Amino acid sequence: MAIESGFLDTNGAHLYYEVAGSGHPLLLIHAGVADHRMWDDQFPVFAERYRTIRYDTRGFGQSITADVPFSNAQDAADLLDHLGVDRAHVIGVSRGGQIAIAFALDHPRRVSALIPVASGVGGYQDTDEPEDEQALWPALEAMWEAKEFDALADEEVKVWVDGPRQSADRVDSRIRDKVRQMILDTYRGHTTGGQPHPQTPPAIGRLHDIRIPTLVIVGDLDTHSVRAVADILAQRIPGARKVVLPGTAHMLNMERPAEFSRIVLDFLGGVGS
């Protein structure tokens with residue numbers, strides 16, 4: 001498989017990207033605890049049918065940024081412009097799903113299909129979150145402030161790879177180690193993530209404006225918030241379908257790569273360009 005790689009300079013950022021395959025473009029956006037490497041299992045598979053693009057968002061992986069205001073959705077648009085892409089199918093996991101949704105709202109003409117996976121959505125607040133999950137976020141923030149990156153990476157792997165209240169041996173240790181390394185590479189390798197500005201108005205009140213084929217994917221072992229967002233996306237995006245992967249947590253495409261790829265390709269096979 002021939003891979004084209006390069007960097008795009010845009011609005012104070014130096015964004016790393018890779019492209020492989022031919023056909024209708026397919027953009028992959030990574031999770032907040034990962035970088036472009038989280039797509040290693042899907043990249044060659046998707047490239048057999050699509051011109052597949054993966055990249056590191058600014059402040060992650062090999063992409064760097066100045067401490068400037070920016071929009072992740074605009075970065076995605078700038079990358080597609082750089083690659084001469086007018087419209088693309090867009091898949092995003094977790095934070096990447098939130099970016100994909102924002103991109104679909106800001107640039108609806110440019111998205112031919114949307115697949116938010118274990119996704120967030122701008123403006124959502126979980127009012128029914130279990131107490132043990134509520135306690136996670138300030139604890140993780142305290143580790144970040146103290147720059148206890150090894151301990152923080154360990155805890156994030158427990159939450160996002162294992163899943164809340166799951167055992168550490170539930171997922172292959174190679175996946176846990178890979179996610180942990182991606183987390184540490186970001187924390188140790190970047191002094192700034194820039195100043196991402198929130199989408200206005202928030203996406204959660206505008207989901208009815210998304211008028212493109214949409215597939216929502218979530219695992220039943222994920223956090224309460226992520227599962228609740230999946231329900232909201234499926235209910236409010238017109239015509240959206242939802243697939244739940246049983247016995248799976250947040251990093252769906254890494255935990256169940258073959259099944260994930262099959263679900264995505266089956267869905268996209270029924271979508272026009």
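The model is predicted, with local features needing pLDDT of at least 70 and side-chain atom pairs pLDDT 80 or more, while totals for chains, interfaces and linings use all residues. Residues are numbered from 1 along each chain as its sequence is written, and side-chain values use heavy atoms, leaving out hydrogens and water.

**Aromatic rings**
- Trp-137 and Trp-160 have ring centres 5.7 Å apart and planes at 20°, so they count as stacked (planes under 30 degrees apart; over 60 is edge-to-face and the rest tilted).
- Trp-137 lies in helix α5 (residues 136–145) and Trp-160 in helix α6 (residues 149–162), so the pair ties together parts 23 residues apart in sequence; helices are DSSP runs of H or I with at least four residues, strands runs of E with at least two, numbered from the N terminus.
- Trp-137 is partly exposed at 29% relative accessibility, whereas Trp-160 is buried at 15% (buried is under 20%, exposed over 50%, partly exposed in between; 1.4 Å probe, protein chains only).
- Trp-144, Phe-149 and Tyr-187 are linked into a cluster by ring pairs.

**Charges over rings**
- The charged end of Arg-54 sits over the ring of Phe-43, 4.2 Å from its centre (NZ of Lys or CZ of Arg within 6 Å of the ring centre and within 35 degrees of the ring normal).
- The charged end of Lys-147 sits over the ring of Trp-144, 5.7 Å from its centre.

**Thr-65**
- Thr-65 belongs to strand β5 (residues 64–65) and is buried, with a relative accessible area of 11%.

Definitions and conventions: Rings of Phe, Tyr and Trp (its six-membered ring) pair if their centres lie within 6.5 Å; planes under 30 degrees apart count as stacked, over 60 as edge-to-face and the rest as tilted.
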